[in-house]
Amino acid sequence: MSLIDTLLARRPREEQFTSRLRSLAVTARVGRILGILIVLTFVTGWISHVSQEPGGWFFTRPTWGYRLTQGLHVIAGTATVPLLLVKLWSVYPRLFQASAGSPRDRSAWSALARQTAERLAVAALVAATIFQLVSGALNSAQWYPWAFSFRSTHYAVAWIVIGALALHIGLRWGQIREGLRDRRALDDGPPEGPTRRTLLRSTWVASGLAAVAVAGGTISPLRSLAVFSSRSGTGPGGVPINRTAAAAGVTEAATGSAFRLVLAAGDREVSLSLADLRGLPQHTERLPIACVEGWSAMGTWTGVRVADLLSLLEVGPSDLRVTSLQQRGAFSVTELPSAFAADPLTLLALDLDGEALSLDHGYPCRIIAPNRPGVLQTKWVQRLEVIG
Ligand SMILES: Nc1nc2c(c(=O)[nH]1)N[C@H]1C(S)=C(S)[C@@H](COP(=O)(O)O)O[C@H]1N2
Ligand SMILES: [Mo]
């Protein structure tokens with residue numbers, strides 16, 4: 001016997017996994033909730049993706065829309081982890097299932113092909129789902145041990161997950177229904193030990209705890225429980241600081257008395273000092289910062305309406321390019337579509353909670369707009385330019 005034959009002969013067999021906690025009734029019930037949460041993360045993730053595309057999203061209401069959808073995205077994603085682990089545990093003996101036939105036996109080819117296709121679909125689903133959970137968690141932790149773009153990759157793999165999930169549900173529909181109908185199987189279990197019902201309840205509790213441990217980043221009464229949340233501490237004005245001025249390479253000097261905000265439309269330019277900005281009509285709005293990482297916080301912002309700045313340039317609603325004093329990095333130049341630029345709630349904020357912005361919150365001025373991802377609430381703004 002060759003080494004390969006020996007290893008194959010010694011590999012585990014499906015029948016050797018005898019835990020009576022495993023059951024189609026358990027797998028189907030965990031799978032149902034897992035499937036619902038995956039669809040929820042897909043839909044909310046899609047909203048987040050298009051919201052970050054230049055010109056991809058036009059809805060400025062509700063003001064808390066992105067806060068809700070991105071909060072749900074991260075909470076639902078986190079809650080899937082225990083469900084995924086239990087579901088994989090409940091089915092993994094199938095990895096060692098005998099193959100549906102020998103490739104040498106022509107009459108077995110169609111069964112073998114189906115089994116292989118199913119296994120590939122499940123492999124794609126599991127691998128893509130794990131990739132999403134790991135990459136999402138690392139993004140929230142702002143740790144990028146990879147060279148690819150997080151957003152485009154996380155988005156592309158989301159389509160693999162949703163496609164493989166649809167295929168999986170289609171192929172397993174009969175078994176799913178059978179498992180869900182079977183209630184009596186839940187009272188069964190090992191002779192001594194928990195029943196399958198207890199296993200299910202523990203799974204829901206674990207999933208709920210995971211959700212609560214991250215939800216405090218968005219739902220302030222849960223803040224003290226938010227051990228998994230990336231930014232649950234608060235900063236000036238009750239708003240956490242994401243990237244500090246030092247980390248963004250923005251210095252006190254750049255924001256000193258020589259600071260001028262430049263408004264530009266074609267070759268016309270208007271240059272405003274901080275005193276000029278304070279001399280314009282001031283408005284106060286309560287708007288959240290809602291980060292893609294899943295944390296969010298409400299702030300009371302005071303400043304000049306971006307629409308008023310556009311009227312200084314004598315232009316109507318326009319798309320704007322927003323340039324930060326920050327020299328490098330993906331967020332140093334962003335686009336503000338005309339729907340947001342024209343909205344009376346969109347401010348070039350000078351104050352947070354009645355006090356001048358701290359340097360870390362974007363002093364001398366920052367964008368704050370309703371229903372926008374935090375990444376586009378550009379800090380340390382130095383130039384607003386009409387682009388269309
Ligand atoms: N210039 C600049 N603006 C920026 C960022 C940045 O890195 N550079 N980070 C963005 C991100 S990801 C978020 S969530 C918010 C956070 O704002 P805060 O630090 O005031 O809470 O600022 C946004 N504005
Ligand atoms: Mo963010």
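The following questions and answers explain how several terms apply to this predicted model.

Q: Why is C365 called buried?
A: The word buried requires a relative accessible area under 20%. C365 has a relative accessible area of 0%, so C365 is buried.

Q: Is C291 buried or exposed, and how do you know?
A: C291 has a relative accessible area of 5%. Exposed would require over 50%, whereas buried means under 20%, so C291 is buried.

Q: What makes the approach of R366 to ligand 1 a polar contact?
A: A polar contact is a pair of N or O atoms within 3.5 Å. For Q377, a polar backbone atom is 3.0 Å from a nitrogen atom of ligand 1. The protein buries 98% of the 530 Å² that ligand 1 exposes when taken alone.

Q: Which residues come nearest to ligand 1, and how does the shell around the ligand divide?
A: Among the 19 residues around ligand 1, those that come nearest are P240, R243, Q326, R366 and K379. The shell comprises nine nonpolar, seven polar and three charged residues.

Q: Why is strand β1 described as largely enclosed?
A: Strand β1 covers residues 261-265, and five of its five residues are buried, so the rest of the structure largely encloses the strand. Both faces are covered: L261, L263 and A265 are buried on one side, and V262 and A264 on the other.

Q: How do you know that β1 and β2 pair?
A: Two strands pair if there are at least two bridges between them. Five bridges join β1 to β2 (residues 268-272), so the strands pair, and they run antiparallel. V262 stands opposite S271 in β2. The two strands form a hairpin with two residues between them, and G266 in the turn has a positive phi of about 60°.

Q: What makes β10 a partner of β1?
A: Four bridges join β1 to strand β10 (residues 381-386), and these strands run parallel. At least two bridges are required, so β10 counts as a partner. In β10, E385 is the bridge partner of A264.

Q: How do you know that β7 and β8 pair?
A: Two bridges join β7 to strand β8 (residues 355-356). The definition asks for at least two, so the strands pair. A356 in β8 is the bridge partner of D351. In the hairpin of β7 and β8, D353 takes a positive phi near 55°. Strand β7 also pairs in the antiparallel sense with β4 over five bridges and with β9 over three bridges.

Q: Why is D351 called buried, and with which side chain does the side chain of D351 make a polar contact?
A: D351 lies in strand β7. Its relative accessible area of 11% is under 20%, so D351 is buried. The side chain of D351 makes a polar contact with the side chain of R278 at 2.8 Å, which is within the 3.5 Å cut-off.

Definitions and conventions. Residues numbered from 1 in each chain as written. Chains lettered and ligands numbered in written order. Predicted model: local features only at pLDDT ≥ 70, side-chain atom pairs only at ≥ 80, totals over all residues. Heavy atoms only, no water. Near = heavy atom within 4 Å. Polar contact = N/O pair within 3.5 Å; in protein donor to acceptor, adjacent residues only side chain to side chain. Areas by Shrake-Rupley, 256 points an atom, 1.4 Å probe, with all protein chains shown as cover. Nonpolar A, V, L, I, M, F, W, Y, C, P; charged D, E, K, R; others polar. Buried < 20%, exposed > 50% of the residue type's maximum accessible area, 1.4 Å probe, protein only.
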